[in-house]
Amino acid sequence: MANSTQMLKGLLEGCILKIVSTDETYGYAVCEKLIQYGFEDISESSVYPILIRLEKKKLLYSKMKKSPLGPMRKYYYLTDAGIKELDEFIDTWNFVKRNVENVLEG
């Protein structure tokens, strides 16, 4: 499927918003969570541009904090707009999922 990369990019934005919504987190931890959830081919080079894009859209904000190991880390948090965007993503996902399942079930 030629557009699977574009489709995945949009889905990853929503998934990343959900991961960030549960607790403060940093980029590498987001990658690890996505891998745990089954996105095995995800790399930091895919996740960091999405985090930057979400921050530019004002859906996330970040703070530099001390790391228990090594240098400072950039921790991400959801903004009010990010919470609204996550709610819209969940609603849209449920709608699309239900309709695709209907089609596939015939």
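**Close-ups of the tyrosine rings**

**View 1. K65 sits over the face of Y75, 5.6 Å from the ring centre.** Here a charge counts as over a ring if NZ of Lys or CZ of Arg is within 6 Å of the ring centre and within 35 degrees of the ring normal. R73 does likewise with Y26, lying over the ring face at 4.0 Å from the centre. This is a predicted model, with local features needing pLDDT of at least 70, side-chain atom pairs pLDDT 80 or more, and totals for chains, interfaces and linings using all residues. Residues are numbered from 1 along each chain as its sequence is written, and side-chain values use heavy atoms, with hydrogens and water left out.

View 2. Rings of Phe, Tyr and Trp (its six-membered ring) pair if their centres lie within 6.5 Å; planes under 30 degrees apart are stacked, over 60 edge-to-face, the rest tilted. That rule gives two aromatic pairs. Y26 belongs to strand β1 (residues 25-26) and Y75 to strand β3 (residues 73-78), so the pair links distant parts of the chain, 49 residues apart; strands are DSSP runs (E, at least two residues), numbered from the N terminus. Y75 is buried at 9% relative accessibility (buried is under 20% relative accessible area, exposed over 50%, partly exposed in between; 1.4 Å probe, protein chains only).

**View 3. Y61 and Y77 are stacked.** Their centres are 5.1 Å apart, with planes at 20 degrees. Y61 is in strand β2 (residues 60-65) and Y77 in strand β3, so the pair ties together parts 16 residues apart in sequence. Y61 is partly exposed at 36%, whereas Y77 is buried at 15%.

Note on methods: Helices (H or I, at least four residues) and strands (E, at least two) are DSSP runs, numbered from the N terminus.
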